[in-house]
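I would like to walk you through one model slowly, so please keep the picture in view while I talk.

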Amino acid sequence: MDTKANILIVGGHASGKTVTVCSSYYRMISEGGAGKFRLVSMGDQAGQNIEQLGSMYQAMVKGEKLPPGTTESKIYEFSFNRSNRSICDIRWMDYRGALRLGEGTEEDREAFALMARNATVLIYIIPGNIISDYIHAHDPNYDWDNEKERLLASLRVDEEISQIDALLVQALKNREDLPPVLFYITKSDYIRNDSDDRKKMEALKDLIRSYNLFDFDGEEYQWKILGCHATLGRNLELDEGNHIVGGFAPEGFELPLMLTVGYRLSEAGKEWAQRECKILDEDIAALRLRQAQDSGKAASLDSRARFRSRFLNAFGRRTREQVEAEMIRENVKSMNLDIQKKEKTKASIEKKNTLGKYSMEILQYIAEKGENKVFYLNERGEERPLEEFFR
Ligand SMILES: Nc1nc2c(ncn2[C@@H]2O[C@H](COP(=O)(O)OP(=O)(O)OP(=O)(O)O)[C@@H](O)[C@H]2O)c(=O)[nH]1
Ligand SMILES: [Mg+2]
């Protein structure tokens, strides 16, 4: 299987990148995975990675400290499996938050830039506390201690969004394609608006539109935008030492991964179907050309036969040319059958598109488990069903 997906979740320091990679991995291996889908750790570091991700996760469960800040960038290699067969290779980069600001060593920055150029989907973290700031700063009924607090909340949002703006420009400068953009809310427990998932997603859509991050009306850009959110627990309680003291119930961590792989498979499926159709079209065109050439050959044999038959027909015999012309015509007829067969194969290509089928299964999973946790805005900024994103 040579389908590959690269995952780079861009977020600031302590925005939840490492918690995401380890919770996502855990979600994808425990209780039989997500639907038919599982992750398997691969590569030279597989054993070490399993141990590391495992111990970080266990520490969270036990209420020990949360994962330490990442000090060196790391690439995890996974195989994304469907019913025990690999359907996509994953490279997932977890890096130091400061890198997004252009800090870190030269080597680190280069690895980050390379990953940004090759990321399947551009994923940007907006931490839940920023969404919460955004909601409250715009809520006339919110009970701020003073106006300065409101202003500060608003500034925190401005700063986060301008970071994302800069990163978007930077990522796209180095790419010829226009990958989808996923806004991923981490720590969504910080958004306390009645714990209603739909409202959290509405707030994110509002924010994207009001900051005019995308020129939805412009002709120039054709963005596809996604949103989703995750939390370590709706009622998570952390103490001052950053230990989980209650409410550990992770949710939504598989969504960025599932969206990325689903998209990659649907694209790979489309490419496959296009390639197959092109081959069939070329075959059909070649057959038609041969038919035309052979028919011409048969016609010229016929006219030669008419000339010769003036002598031979006296004995009731067919000329050599007549026999040959007939054979050619039979052959032309059988090519018709070939053409019909190929046309039929072409019409049923979608049924044979296994990658497309897998992406639809992933879609189904997200539709079931991610209700009100995922949205899709099309190129004009209109909210559309997720199926359209995969198409
Ligand atoms: N309330 C809440 N806090 C969270 C959640 N996820 C992470 N946190 C907090 O955010 C901190 C940072 O999470 P990390 O995953 O280490 O962040 P990071 O982006 O990897 O940070 P760097 O590696 O330093 O760049 C954690 O130590 C927790 O305190 C969540 O779902 N809810
Ligand atoms: Mg980290």
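This is a predicted model: local features need pLDDT of at least 70, side-chain atom pairs count only at pLDDT 80 or more; totals for chains, interfaces and linings use all residues.

How many helices and how many strands does the secondary structure of the chain come to? The secondary structure comes to 11 helices and 10 strands, where helices (H or I, at least four residues) and strands (E, at least two) are DSSP runs, numbered from the N terminus. Residues are numbered from 1 along each chain as its sequence is written, and chains are lettered from A and ligands numbered from 1 in the order in which they are written.

Let me begin with the overall outline. Along its principal axes, the C-alpha trace spans about 115 × 50 × 40 Å. The chain is divided into domain 1 (4-266 + 359-390) and domain 2 (272-356), with bounds that come from an automatic or database domain assignment, and the centres of the two domains, taken over C-alpha atoms, are separated by 57 Å. Of the 391 residues, 35% count as buried, and a residue is buried if 20 or more other C-beta atoms lie within 10 Å of its own, exposed if 12 or fewer, and partly exposed in between, with C-beta atoms placed from the backbone.

Now to the sheet. In what order do its strands stand? The open sheet has 8 strands in the order β2-β3-β4-β1-β5-β6-β7-β10, and the pairing is mixed; two strands are said to pair if DSSP finds at least two bridges between them. Because β2 (37-41) and β10 (374-377) stand at the edges with a single partner strand each, one side of each is left without a neighbour in the sheet. From one strand to the next, the twist averages 25°, where axes are lines fitted to C-alpha atoms, for helices over the stretch in contact, and angles run from 0 to 180 degrees between N-to-C directions.

Strand β1 (residues 4-10) is mostly covered, since 6 of its 7 residues are buried. β1 runs parallel to β4, and 5 bridges join the two: Lys4 stands opposite Asp89 in β4, and Leu8 has Met93 of β4 as its bridge partner. β1 also runs parallel to strand β5 (residues 122-127), to which 2 bridges join it, and there the bridge partner of Val10 is Tyr124.

Strand β3 (residues 74-82) and strand β4 (residues 85-94), by contrast, pair in the antiparallel sense over 9 bridges, with Asn81 bridged to Ser86 in β4. Most residues other than glycine have a negative phi. Ser83 is exposed, with 10 other C-beta atoms within 10 Å.

Lys187 also has a positive phi, near 50°, in a residue other than glycine, and its place is in the loop between β6 (181-186) and α6 (197-210). Is Lys187 buried or exposed? With 23 C-beta neighbours inside 10 Å, Lys187 counts as buried.

In helix α7 (residues 255-312) we find Glu276, which counts as partly exposed with 15 C-beta neighbours inside 10 Å. The C-alpha atoms of Glu276 and Ile349, although 73 residues apart along the chain, are separated by 7.8 Å.

Finally, the ligand. Which residues come nearest to ligand 1? Of the 23 residues around ligand 1, Thr18, Val19, Gly69, Thr70 and Gly97 come nearest, and a residue is counted as near if its C-beta atom, placed from the backbone, lies within 6 Å. The largest share of this shell, 3 residues, comes from helix α1 (residues 17-29). The shell divides into 8 nonpolar, 11 polar and 4 charged residues, where Ala, Val, Leu, Ile, Met, Phe, Trp, Tyr, Cys and Pro count as nonpolar, Asp, Glu, Lys and Arg as charged, and the others, Gly among them, as polar.
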